[in-house]
Amino acid sequence: MIPSLEQLSARLADLAGAMPATATSGPAPVPPRSPVQPADFAAKGYHLDVTVAPGAVDSAAGILDQHGFALDTITGVDWIAQNEMEVIYDYFHAASPLRIVIRTRVPRDHPELPTISAVFPGANWHEREAHDFFGLRFLGHPDLSPFLLPEDATYHPLRKDFSA
Amino acid sequence: MTAPPDIARPTKPQETFVLNVGPQHPAAHGVLRIKMTMDGEFVTRAEPILGYIHRMHEKMGENRTWAQFLPNTGRIDYLSALHYNHAFVGVVERALRIEVPPRAEFIRVITSELNRISSHLVWWSAFLIDLGGMTPLLYAFDDREKLLDLLEGVTGSRLTYCYFRFGGLCNDIDDSFIAGARAFVAQMRPRLKLYRDLVTDNIILRKRLEGIGPISAEMCRKYGATGPVLRGSGVAYDVRRAEPYSVYPELAFEIPTYPAGDSMARYLVHMAEMEQSLRIIAQALDKLPAGPVMGKVPRVLRLPPGDYCFAVEAARGRFMVRVVSDNKDIPYRVKLRTPSFSNLSLYEEASRGMILPDVLALLGSLDLVIPDIDR
Amino acid sequence: MSILTTEPVRLLLSLVCIMAFVGLNAAYLVLAERKGAGRFQRRPGPNEAGYGGWLQPVADVAKLLSKQLIVPPGTDSLLFRLAPLMVLSPAMMCLAVVPFSETLVARNINVGLLMVFSFGSIGVMAIMLSGWASRNKFAIISAARVVSQNVAYEIPMLLVVITLLMMTGTMDLNQIVRQQAGGFWHWNFFKVGANPLMPVTFVIFFICMLAETNRAPFDMAEAESELVAGAFTEYAGMGFGVFFMAEYANIVLGCSLATVLFFGGWQSPFGLWPGLLWFLLKLYALIFTVIWVRWTFPRTQFYGLLNLSWKILIPISLFTLLLSSAMLKIFHS
Amino acid sequence: MKASILEVPRGFWSLLVGMRVTLTQFFKPVVTVPYPRKTLPIPARYRGHIELTVDPATGRPLCTACKLCERACPSDCILVDGVKLEGEKKKSVTEYKLDFTKCSLCGACVEVCPCDAIRFSKDYNLASTSKADYNFDLVERLKAGRKQP
């Protein structure tokens with residue numbers, strides 16, 4: 001069952017609509033936009049750009065899982081100017097060329113969001129890595145001990161205020 | 001061979017012991033450490049422990065210009081440096097909409113495929129070493145040496161290539177390279193036959209790999225495994241076809257798949273891919289157009305704000321670069337999605353209840369490069 | 001001359017000769033193995049020490065002797081030191097009954113074959129002891145493997161030997177060689193008249209010999225990509241060197257036995273000029289095959305190895321045994 | 001049952017095929033090069049450490065100490081200094097330090113150089129027990145006449 005772009009946008013739009021729009025404190029970096037945005041693959045490298053609330057990443061993962069998507073990677077971006085942490089989930093599909101990006105923003109001093117490792121066991125490692133590098137706390141994750149960093153590491157090197 | 005049910009039962013902690021395979025162990029190529037909880041010779045849990053060769057390439061990316069990060073890409077997966085080059089120049093070209101001349105694209109494909117063969121040859125020989133066969137290593141390295149000579153002639157280095165540039169290549173290939181590549185294709189085919197006679201058809205190898213470490217297509221999906229691992233589970237997923245880049249759409253090749261999902265299937269995928277790569281090289285050499293190898297590129301690279309992805313089919317699977325730009329000449333964020341990382345993440349689940357030699361055969365069949373996992 | 005033939009002197013002399021033979025063979029077989037491996041892999045092998053690498057064994061031994069003998073803390077030091085001695089002595093003992101030529105045999109006893117097999121089993125125990133005494137997880141796994149492997153391969157080997165014994169009717173090795181006199185078609189290997197499956201029995205014997213000597217593709221004890229160096233992981237210097245020597249001593253013994261039992265020992269293939277030269281030629285041809293096999297195949301999987309023995313070799317050897325006895329009954333009674 | 005019985009001779013045959021392969025290789029000549037006694041030609045594009053090139057007319061380095069290479073280097077391993085000599089339009093190099101321990105031979109410096117004043121050398125026999133030996137002073141190296149045609 002290869003999903004069509006329209007079906008997916010509709011389902012993900014439902015999800016994003018059900019949640020309150022991301023509350024941004026400080027200057028908004030981009031003008032407000034629709035949470036589900038089709039993207040030009042040739043220019044961006046993905047087809048659908050979905051912004052959801054932090055609490056909805058696991059439901060989004062569930063929807064994509066039902067449609068046969070696989071998790072590509074999880075990563076963070078530290079938007080220190082906005083005092084926010086962006087978390088980006090990339091998904092790909094093995095039977096169709098569809099690429100989907102799910103993104104959410106969490107406050108920088110309180111970076112917590114649910115884990116999706118129950119849906120995608122492969123997310124376990126990606127979340128541990130994101131925890132290592134950004135200090136993102138994935139609630140419900142089985143083990144967030146340092147992964148790629150030394151086992152006694154307490155720092156998060158990809159935060160923009162980190163200096164060695 | 002997996003454990004019979006009475007052995008696979010949950011054992012009491014005092015009946016098991018912990019065996020550290022790595023970070024210095026002959027089967028851990030590089031510095032991978034696997035903490036194995038063993039019940040006799042059966043592995044009840046195999047937990048990979050990473051980070052021994054972590055270099056924080058992603059932080060380096062935030063500290064240097066787009067062009068300065070390019071040499072780093074060749075050092076993430078040292079066996080398929082050109083594919084990683086390709087992904088990074090690809091993402092910048094995509095963001096800036098740089099036109100790459102066709103000749104450059106063809107040369108990129110030719111050199112990338114040569115690189116893929118050399119990577120597979122290293123995998124093949126190292127895998128055979130894991131299985132206790134020494135001689136194939138030397139035969140494979142003999143062939144690989146010819147490849148490295150070819151690539152050294154055009155790129156200047158033998159392993160950590162940095163040959164692609166934003167908008168093209170740093171220099172053109174010459175006739176001796178073309179002749180050498182043609183000669184290589186011609187002489188590699190009989191060598192693959194030799195490999196088949198010596199190793200692939202060998203009953204010892206078949207007994208060793210058939211049915212060992214089955215990985216289902218569903219497990220691959222859940223863990224995001226790609227490349228030969230996914231194709232060995234019967235899924236015809238190849239970034240070269242799924243998200244076509246460069247001139248791959250113009251070239252005819254097949255995506256070899258084997259549905260069994262065991263180590264033998266992954267092995268056969270690798271061997272078939274070498275043949276397909278030879279086919280691609282032969283076609284690309286025939287179609288190679290004349291012209292420049294460098295397109296028009298702005299003098300100072302500044303990517304428009306936003307995020308961009310570019311995925312390539314590296315020798316081990318899907319490699320994706322995701323960059324975030326804030327309109328400066330250095331990236332705001334570089335994320336490297338490496339295939340070995342995802343491929344290894346299913347190891348703990350896939351290896352449960354197998355005996356030690358099989359666990360190591362499974363590890364070898366996943367085709368891992370440790371710096372690629374740790375970055 | 002009279003002193004030389006007295007029993008104690010003769011004993012001492014034969015002991016010294018055997019030790020020298022084993023020592024030299026071990027040293028130069030290592031070189032042959034490395035050179036051979038080199039040629040199989042299209043490289044020259046060791047070629048720096050001495051002319052073309054001929055002094056390499058001397059350099060190796062000097063290196064091993066100059067190294068510290070480390071007994072790791074926590075090991076059973078008595079067993080740890082005893083194991084290397086125990087592994088080498090049985091192979092030397094067994095060579096005492098092997099007839100190198102009609103007269104060149106240290107101890108010509110009439111149950112030579114029995115002695116070889118009974119002493120041969122001690123080597124297993126030595127490796128098990130070394131694994132046990134080392135207090136190393138890899139070594140323990142290796143020890144367990146060696147025992148089950150050797151038990152599994154002892155059975156088809158003995159079945160094959162019984163098949164042969166029914167034909168020869170004697171356990172005296174020299175007598176067995178004498179029976180194969182006159183042209184290569186008289187060798188046991190080619191005696192298809194007595195048992196059409198004779199070449200198959202030889203193949204089984206050869207496979208079992210490889211397994212008993214822990215040679216690739218059956219080198220479960222070392223299995224360097226799994227168990228580092230298995231039972232020998234903790235040994236350093238000459239302690240390790242002795243295990244290495246024992247491996248080659250066992251190969252020499254195994255190949256000598258194969259020569260005696262299947263290829264007519266010191267008999268010449270044309271029925272003329274029997275002697276030591278023929279024995280050595282056949283012996284080294286077999287040893288070359290052993291090296292050739294090692295550098296061709298990957299290692300078997302442990303359960304595959306046991307399956308090979310219990311599911312393939314033992315049924316076939318039982319069948320040959322039955323066939324042999326049936327043919328003996330029909331044609332020779 | 002039939003298949004597993006047939007597997008025995010087939011498997012044995014596959015072993016013989018493998019042994020035939022290694023035996024044919026056994027009688028072929030060796031392919032390795034005995035390295036210190038014999039070396040292979042180095043390709044023209046080989047990337048050794050960088051070196052300064054000289055102007056054939058004046059015999060002095062072409063480098064004008066513009067420091068583009070210093071800025072292009074991803075590993076900060078180049079340090080250039082120069083003075084403006086009297087009666088000349090361009091500066092000339094007085095100091096060119098290369099910290100070879102950090103260099104990754106990416107070639108960014110060579111590509112960025114506007115006057116082809118640096119190039120890759122073919123020098124690969126570099127070994128030392130001291131890290132300090134790899135702080136190359138390329139001007140000194142040029143004067144010492146290492147590998148200049």
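Predicted model: local features only at pLDDT ≥ 70, side-chain atom pairs only at ≥ 80, totals over all residues.
The crossing of helix 5 of chain B past helix 6 of chain B is left-handed.

Which residues of helix 5 of chain B meet helix 6 of chain B? They are B:Pro136, B:Asp143, B:Lys146, B:Leu147, B:Leu150, B:Gly153 and B:Val154. On the side of helix 6 of chain B, the residues are B:Ser176, B:Phe177, B:Gly180, B:Ala181, B:Phe184, B:Met188, B:Arg191, B:Leu198 and B:Val199. By class, the residues of this contact between helix 5 and helix 6 of chain B are 10 nonpolar, 3 polar and 3 charged.

Next, the strands of chain B. There is an open sheet of 3 strands in chain B, in the order 1-2-3, and its pairing is antiparallel. Strand 1, residues 17-21, and strand 3, residues 42-49, of chain B are the edge strands, each pairing on one side only. On average, and ignoring direction, neighbouring strands of this sheet are turned by 25 degrees against each other. Between strand 1 of chain B and strand 2 of chain B, residues 33-39, there are 5 bridges, in the antiparallel sense. One position to look at is B:Val21, whose bridge partner in strand 2 of chain B is B:Ile34.

Strand 7 of chain B has antiparallel pairings with two other strands. With strand 6 of chain B, residues 306-314, it is joined by 9 bridges, and these two strands form a hairpin with 2 residues between them. Here B:Val312 stands opposite B:Phe319 of strand 7. With strand 8 of chain B, residues 333-337, strand 7 of chain B is joined by 5 bridges, again running antiparallel. In that pairing B:Val323 stands opposite B:Val334 of strand 8.

The contact between chain B and chain A takes 31 residues from chain B and 22 residues from chain A. On the chain B side, the elements giving two or more residues are helix 1 (57-61), helix 8 (217-223), strand 6, strand 7, strand 8 and helix 12 (339-345). The class count for that side of chain B is 14 nonpolar, 5 polar and 12 charged residues.

Chain B also touches chain D, with 19 residues from chain B and 20 residues from chain D. On the chain D side, helix 1 (2-26) and helix 3 (108-112) of chain D each give two or more residues. Helix 1 of chain D gives the most, with 7 residues. That side of chain D has 11 nonpolar, 6 polar and 3 charged residues.

Last, the pairs without contact. Chain A and chain C do not touch, and their nearest C-alpha atoms are 25 Å apart. Chain A and chain D do not touch either, with nearest C-alpha atoms 16 Å apart.

Note on methods. Residues numbered from 1 in each chain as written. Chains lettered and ligands numbered in written order. Pairing = 2+ DSSP bridges. Helix = DSSP H or I, 4+ residues; strand = E, 2+ residues; numbered from the N terminus. Contact = placed C-beta atoms within 7 Å. Left-handed = near helix turned anticlockwise from the far one by under 90°. Nonpolar A, V, L, I, M, F, W, Y, C, P; charged D, E, K, R; others polar. Axes fitted to C-alpha atoms, helices over the stretch in contact; angles between N-to-C directions.
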